[in-house]
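New notebook page. I want to look up how the pieces of this structure pack together, and I'll jot things down as I go.

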Amino acid sequence: MVENIQRVAQEIEAAPLGNTAELEQFRITYIGRKGQIAALFDDLKTVAPEQRREVGQQLNQLKNRAQERFDQAQEQLSNVTENTTNTGFDFTLPTIPNTLGTRHPLSLVRREIVRIFERIGFNVAEGPEIEDDFHNFTALNFPENHPAREMQDTFFLSEDKNRLLRTHTSTVQVRLMENNQPPLRSIMPGRVYRNEAISARAHMVFHQVEGLYVNKGVSFKDLKETLYYFAKELFGQDTKVRFRPSFFPFTEPSAEIDISCLICKGDGCNICKQTGWVEIGGSGMVDPAVLENCGIDSKVYSGFAFGMGIERITMLKYQIRDLRLFTENDVRFLRQFEGVI
C-alpha cells in the first residue's frame, strides 16, 4: 500500500499540466471520484489496523498535494487566458477600414487663394475678431449715420457700441497700416459676422479675404491686373473679368468685380440671373482719408484694396447652390472633397 502511495505521488509531481486538456486528464486520473487516489482510499480497509492511521495520513497528504497542483495549474492557465483574450476588442469582428478625413471646402479654397497671391508677393495678415468702432468703422471712413453702424446690421458687444464682432476683415488693413510703413502688400483672410437672416445665399457668420497694396505710384491699372491674374489662376484661363462702378466708404474710385459665369459659360442661367456674369467682390483705390487716418501720407503713397467672400468663391468654384451646407457638418457633403488637394 505504501509503495502504491509513493508511486502515485511521483506520478502526480511528474504529470504535465501545460494546457486545459492535460489539466482535465490530471483531474480524472488522480482526484476524480474514480481516480487513483479514490481507489487507494478504498483499499485502506485492507491495511492492518495498527498501520491504518499512518497510511491514512499519507493518503490525505497525497490527496492534498494532488489538489494543490491542480489548483495552481488551473489558476495559471486562467491568468494566461485572461491576458490573451481580455484586450477590450473582439477579434472575431470584421475589420474596420481606415477612414481619412479631409479639409473643409472653405479651407481648401482659402489655401488656394493664399497660394495664388503669395506668388505675386502678398503675405498673410490676421487680426482680432472682436473689434472697436475705430478700426471697424471710423478709420474706414464710415459716417456716423451709416446703416452698418445699426444694431440690425452689426453684432455689438457693449451698450456704447465700442466693442463689436468685426463685419469685415478691413479692420486688419487698418491695423497693418497703423503699425507698418509702406510698401505694404498683404491679404487678410478671416471670419466675419453680420446680423443677417440665414438662407441659401446668406449667413450671420462667413469668411472673407481682403487684399491691400500701398506704395508709391500705385494705380487702378495695378488693381485690375492683380485681379485679372487672380481670377484666371483660380477659375481658369478662360474666365473673363469685368469691373462695374460702385461705392464704398473706404475706396475712391470703387468697383464691383464680376467674372463670367462658370456654370453657363456666359450664356445666361438662373445662377447668374441670365446675365452671364457673377459678382465675386468689391475693390477700389484706398481713399486718401483712410490712409491719413492710419498715419500714412496720402500725398506720397497710394494703394488699392479688394475684398471677396470665400463662401461665394467656393460656391462658384464647386457649383454649390446652398451656403448653409458649409456649416451643417453633413458628412455626405464633406466627403465630396476628399480628392481635392
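Before looking for a core, I need the term: a nonpolar core is a set of buried Ala, Val, Leu, Ile, Met, Phe, Trp, Tyr and Cys residues joined through side-chain atoms within 4.5 Å. Buried means under 20% relative accessible area, exposed is over 50%, and partly exposed is in between (1.4 Å probe, protein chains only).

I'm working with a predicted model, where local features need pLDDT of at least 70 and side-chain atom pairs count only at pLDDT 80 or more, while totals for chains, interfaces and linings use all residues. Residues are numbered from 1 along each chain as its sequence is written, and side-chain values use heavy atoms, with hydrogens and water left out.

**Entry: the cores**

I looked up the largest nonpolar core and got 44 residues. Those with the most contacts inside it are I113, F235, I259, F304, F306 and I313. Its largest share, seven residues, comes from α5. (Helices are DSSP runs of H or I, at least four residues; strands are runs of E, at least two; both are numbered from the N terminus.) Apart from this core lies another one, of 25 residues, with F137, A148, M188 and V214 among them.

I then picked F235 and listed its contacts, meaning heavy atoms within 4.5 Å. Not counting residues up to four places away in sequence, F235 touches I259, L262, I313, L316 and K317.

**Entry: α5 and its partners**

How do α5 and α8 pack, and at what angle? Helix α5 is residues 105-118 and helix α8 is residues 220-235; the angle is about 135 degrees, and the axes are 10 Å apart. Axes here are lines fitted to C-alpha atoms, for helices over the stretch in contact, and angles run from 0 to 180 degrees between N-to-C directions. Under 35 degrees counts as roughly parallel, over 145 as roughly antiparallel, 65 to 115 as roughly perpendicular and the rest as oblique, so α5 and α8 are oblique to each other. On the α5 side I find E112, I113, I116 and F117, and on the α8 side T226, Y229, F230, E233 and L234.

Next I checked α5 against helix α10 (residues 310-318): about 100 degrees, axes 9 Å apart. That makes α5 and α10 roughly perpendicular to each other. From α5 this contact uses P105, L106, V109, R110, E112 and I113; from α10, I310, E311, I313, T314, K317 and Y318.

**Entry: α7**

Is helix α7 (residues 170-179) mostly covered or mostly open? Mostly covered: seven of its 10 residues are buried. I noted them as S170, T171, V172, Q173, V174, L176 and M177. They pack against β2 (130-131), α6, β4 (184-193), β5 (205-215), α9 and β9 (302-309).

D133 lies in helix α6 (residues 133-136). Its relative accessibility is 17%, so D133 counts as buried. Leaving aside neighbours within four places in sequence, I get contacts of D133 with T138, R149, K161, N162 and L164.

P288 sits in helix α9 (residues 288-293). With 42% relative accessibility, P288 counts as partly exposed.

S219 is in the loop between β5 and α8, and S219 is partly exposed at 28%. S219 touches M285 and F304, not counting residues up to four places away in sequence. I also looked up S219 and P49: 170 residues apart in sequence, and 127 Å apart C-alpha to C-alpha.
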